[in-house]
Structure formats: structure tokens, C-alpha cells
Amino acid sequence: MDPQVKAFFDDATNTVSYVVRAPNGRSAAIIDSVLDFDYSSGRTDTTSADAIIDYVTTEGLTVEWVLETHVHADHLSAAPYLQEKLGGKIGIGEKITVVQDTFGKVFNEGTEFERDGSQFDQLFKEGDSFHIGQLRGDVLHTPGHTPACLTYVIGDAAFVGDTLFMPDFGTARCDFPGGSAETMFSSVQKILALPEETRIFVGHDYKAPGREEYAWESTVGEQKSRNVHVGTGKTKDDFVRMRTERDATLGMPKLIIPSLQVNMRAGQMPPEDDKGDVFLKVPVNKL
Ligand SMILES: [Fe+2]
């Protein structure tokens, strides 16, 4: 049984969010949602999430899952907002605890910030399965970009987050704390071992030289033959050298500081202060 997939592209962060629905019935899952955030003013906005809510409502869908492929560093998750409006369980990889430990220290969150993943409804590990109605999803642990990255394989569709990008763009960076280019290469092999016709849905797109349109869907076969970083003929050594050199030239994503603090809490803001106000921290010279 193969899902119907509806993509939502966020221009501000180049993120692709997905609504995945069973072909029969009304069950659906939302993957990698976006809460809009204007850093200059510190204001959130739900325009992107509301577009998903409109679609789900118009189509009469029942949201069973609100899934994250990983703790994103470039956009805030709208998971709690979507859950409040639409329901569903918020899921992420069990290695979120490693990410929480790392960034709990970076942001000096103290003991009130639990590092056991308890902010999420479901922690998935390699080999777990779940259902969207009668549609089955299988979980692959695909670390490298972050230690907790998952790929959700739902019918003939794989949601790879930031492990693979479009074949002409390649792969995601591996230089965040806990990232590893060696590990990423192994994770990619796991995805490329899926059947050739498996549809690959990526977490971001930035266009690519010679391509003027955003794109987010390819197949395992296309990735194997044409991915510029990991396709035919690319060795692990080539990949690790290329990735390490390239990552050294990349600046931090614009929203990394708010994103991590919010996303490691399953999309919740830090606790209010005694006046009921919410603040995000900026660690100086730490990232
Ligand atoms: Fe990411």
C-alpha cells in the first residue's frame, strides 16, 4: 500500500514539509513542519503551519502522527501547534537524548530540562514500525547529519530528512555537534539499499546549478546513478574528504540558535519566567 504525498515548501528556510496519507481512508501523518520565526523581531507566525491545517481540514483527514526526521537547526518545528489543532502523536528518533544532552549543555539549561526525550510522545529506533491507518511505516536510523536522524519508509516512499538531498545537490552537512561524514555515508547506503523505485522525499531543497525550480522528489534509482556526492563511483573516502572540506566553508544556519532551543523541546518554547514571558538565549562564542 503506497501513500499519497502532499508537499509544502517554505521559501524562508528552504524546508519541505509533508502530509502523508493512506490511499484508503482518512488517516494521515505530518512530517517536518515549520513554525515561521522572524529573528529580528523575535516573533513567531503560523502561516506555514496554517497552510497544512487548511489542507488537512479541507481533505477531512485525521492526523495520527506529527513526525520529525531530526532536531532541525534551520527552522522551528510547529509540531505542538499542529498537535493542538489536529491531534496526533509527536515522534522523533530515540537518540534525541544525545542531542538534548549536547545542546542542554550548550544552552546551560540546568536540571529542569529533561534529557530523556520525554517531551515527545514516541521515540523511534531502527526497526520500529508504526501505522497511519492501514498504511505501514518502518523506521531506519540514519545518523550522520545529526546522531538522531531517522528515515521514515512509508509504503513506497522514504522521507529522508537531511540525509540525502536532490541528486544534483547531493547531501547535507555533517559538521554539527554529533555529526559525522563517515556515519552519513553508511546511513546513505542503507537508504540506497531500498528498492530502486522507492520515492525519496528530501527535507530541504536549494535548487542546484542548472536547475531553476525547487524540487524534492526523486527515486532510489536516480539517487544511486546521479547523486553528485554518493552516486555511482563515489567512494567513502571521496565522500568524507569532500564533505569535510565543504562543511568547513559553511556558516551557521540563520535560525540555528532559536531552532535548537525549541526543537530539542519537541517544538515547545522554553518555560515562561515569573512574569509569563518567554526568552531564548544566545550563547556567545559557543557554537
Ligand atoms: Fe537538518
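Are helix 4 and helix 6 parallel, antiparallel, perpendicular or oblique to each other? Before answering, note that this is a predicted model, in which local features need pLDDT of at least 70 and side-chain atom pairs count only at pLDDT 80 or more, while totals for chains, interfaces and linings use all residues. Residues are numbered from 1 along each chain as its sequence is written, and side-chain values use heavy atoms, with hydrogens and water left out.

**First stop: two helices**

Select residues 181-192, which form helix 4, and residues 236-247, which form helix 6; they pack at an angle of about 130°, with their axes 9 Å apart. Helices here are DSSP runs (H or I, at least four residues), as strands are (E, at least two), and both are numbered from the N terminus. The axes are lines fitted to C-alpha atoms, for helices over the stretch in contact, and angles run from 0 to 180 degrees between N-to-C directions. Helix 4 and helix 6 are therefore oblique to each other, given that angles under 35 degrees count as roughly parallel, over 145 as roughly antiparallel, 65 to 115 as roughly perpendicular and the rest as oblique. To see where they meet, show the side chains of Ala181, Glu182, Met184, Phe185 and Ser186 on helix 4, and of Lys236, Phe239, Val240 and Arg243 on helix 6, which make the contact (heavy atoms within 4.5 Å).

**Second stop: the iron ion**

Next, select the iron ion, which is coordinated by His70 (NE2), His145 (NE2) and Asp162 (OD), at 2.1 to 2.3 Å. Donors are N, O and S atoms within 2.8 Å of the metal (3.2 Å for Na, K and Ca), and because water is not among the atoms, sites may look incomplete. His70 lies in the loop between strand 6 (62-67) and helix 2 (79-86), and His145 in the loop between strand 10 (135-141) and strand 11 (150-154), so the pair ties together parts that are 75 residues apart in sequence. His70 is buried, with a relative accessible area of 1%, and His145 also counts as buried, at 5%; buried means under 20% relative accessible area, exposed over 50% and partly exposed in between (1.4 Å probe, protein chains only).

**Last stop: Phe113**

Finally, select Phe113 in the loop between helix 3 and strand 8 (122-124). Phe113 counts as buried at 5% relative accessibility, and among the residues that Phe113 touches are Gln100, Met264 and Arg265.

Key:
Lists of a residue's contacts leave out its neighbours within four places in sequence.
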